[in-house]
Amino acid sequence: MKTVLITGASSGLGKSLALLYAEQGWRVIACGRSEQRLAQLAQLNTNIETLSFDITSKADVLKAAEPLTKIDMVVLNAGDCEYIDDAVQFDSDLFSRVIHTNLIATGYLLEALVSKITKGGRLVFVSSSVVYLPFTRAQAYGASKAGLDYLAATMRLDLQPQGIHVSTVRPGFVKTPLTDKNDFSMPFLVEPDAAAKRVFSGLEKGKATIEFPRRFIIILKLVNILLPKKWWNALNNRNAS
Ligand SMILES: NC(=O)c1ccc[n+]([C@@H]2O[C@H](COP(=O)([O-])OP(=O)(O)OC[C@H]3O[C@@H](n4cnc5c(N)ncnc54)[C@H](OP(=O)(O)O)[C@@H]3O)[C@@H](O)[C@H]2O)c1
């Protein structure tokens, strides 16, 4: 029986992924802070075990990972999003919080978990399609995910000789508690179960990059390449006002 550890499995995309892997016969180590939500998740499938810790505490991450051995796949999915409402009165506490959760904590998880991934196993980073374009108010979230994307790319280079594969997932908008907070329209919004299926099938195929929904990603890439930056800025400013 293969083992997958998934961070951020107490809700949203991570929860759907945990259930899908458990249904497919994997042993799932579902992680998050909320013991209550993790316990509810574990009741849904006996293949699911839970591990509750805060990824922003290095001591807690190292302690939680200590008893673990031989993991076939680690999915670094936990993350948070907060927006900078005023770029002039820049909120550096918010900026630090988001960078800490989405990027610095990933370093703690890598220290604790990479050495436990079996040869031929896989390390998965859940980044975001935000990395393709600058979005208004997304300074903290976008910077954290751009950093994560680079981190994943360099880990791929250095883990390849060790026989560990690395995948980067860049979802568009997925309907989860994270996006339920958004006060703007989210084009091509997908349900978390559908998103989990896309991730699962991409990982089964051994893809290095998994991006969805396809039409949304194509539009972002085309805008990035073809639309003059001053038009993109004007469009963002119009939507923000
Ligand atoms: N939803 C989207 O549209 C979208 C798009 C692109 C990328 N993503 C990325 O996908 C990932 C999952 O997001 P989601 O939309 O599924 O959000 P979500 O439903 O809010 O889930 C976030 C998960 O991360 C965990 N988490 C957050 N902070 C944590 C901490 N300090 N320690 C431990 N666990 C923590 C939460 O668990 P607890 O609350 O139990 O701690 C929760 O299980 C994130 O990395 C997000 O950036 C999402």
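Helices and strands are runs assigned by DSSP and numbered from the N terminus; the close-up views below use these names for a predicted model.

**View A. Packing of helix α3 against helix α4.** Helix α3 comprises residues 58–65 and helix α4 residues 92–113, and their axes come within 9 Å of each other. The crossing angle is roughly 25°. Angles under 35 degrees count as roughly parallel, and α3 and α4 are therefore described as roughly parallel to each other. The crossing of α3 past α4 is right-handed. On the α3 side, the contact involves Lys58, Val61, Leu62 and Ala65. Their partners in α4 are Tyr108, Leu109, Glu111, Ala112 and Leu113. By class, this contact of α3 with α4 contains 7 nonpolar and 2 charged residues, with no polar ones.

**View B. Packing of helix α1 against helix α7.** The axis of α1, residues 12–23, comes within 8 Å of that of α7, and the two cross at roughly 60°. The helices α1 and α7 are therefore oblique to each other. Their crossing is right-handed. From α1, the residues in contact are Gly12, Leu13, Ser16, Leu17, Leu20 and Tyr21. From α7, they are Pro192, Asp193, Ala195, Ala196, Lys197, Val199, Phe200 and Leu203. The residues of the contact of α1 with α7 comprise 10 nonpolar, 2 polar and 2 charged.

**View C. The largest cavity.** The model has 1 cavity of 30 Å³ or more. Two or more lining residues come from each of α4 and α5, the latter spanning 139–159. Helix α4 gives the most, with 4 residues. The lining of the largest cavity divides into 5 nonpolar, 4 polar and 1 charged residues.

View D. The residues that line the second largest pocket are Lys2, Tyr21, Trp26, Asp72, Met73, Thr118, Gly120, Gly121, Arg122, Leu203, Glu204 and Gly206. At least two lining residues are supplied by each of β4 (71–76), β5 (117–126) and α7 (192–204). Strand β5 has the largest share, 4 residues. By class, the lining of the second largest pocket has 4 nonpolar, 4 polar and 4 charged residues. Tyr21 and Leu203 take part in this lining, and Tyr21 of α1 and Leu203 of α7 also belong to the contact between those helices.

View E. Phenylalanine 212 and proline 213 are joined by a cis peptide bond, with omega about -15°. Proline 213 is located in the loop between β7 (209–212) and α8 (214–226). Most peptide bonds are trans.

**View F. The backbone at arginine 137.** Arginine 137 has a phi near 70°, a positive value in a residue other than glycine. Most residues other than glycine have a negative phi. The loop that holds arginine 137 lies between β5 and α5.

Key
Residues are numbered from 1 along each chain as its sequence is written. This is a predicted model: local features need pLDDT of at least 70, side-chain atom pairs count only at pLDDT 80 or more; totals for chains, interfaces and linings use all residues. Side-chain values use heavy atoms; hydrogens and water are left out. Axes are lines fitted to C-alpha atoms, for helices over the stretch in contact, and angles run from 0 to 180 degrees between N-to-C directions. Angles under 35 degrees count as roughly parallel, over 145 as roughly antiparallel, 65 to 115 as roughly perpendicular and the rest as oblique. A crossing is left-handed if the near helix is turned anticlockwise from the far one by less than a right angle, and right-handed if clockwise. Contact means heavy atoms within 4.5 Å. Ala, Val, Leu, Ile, Met, Phe, Trp, Tyr, Cys and Pro count as nonpolar, Asp, Glu, Lys and Arg as charged, and the others, Gly among them, as polar. On a 1 Å grid over the protein atoms alone, a cavity is a set of points where a 1.4 Å probe fits but cannot get out, and a pocket is an open set with protein on both sides within 12 Å along at least five of seven lines; lining residues have an atom within 4 Å of a point. Grid points are joined across faces, edges and corners, and a volume is the space filled by probe spheres set on the points.
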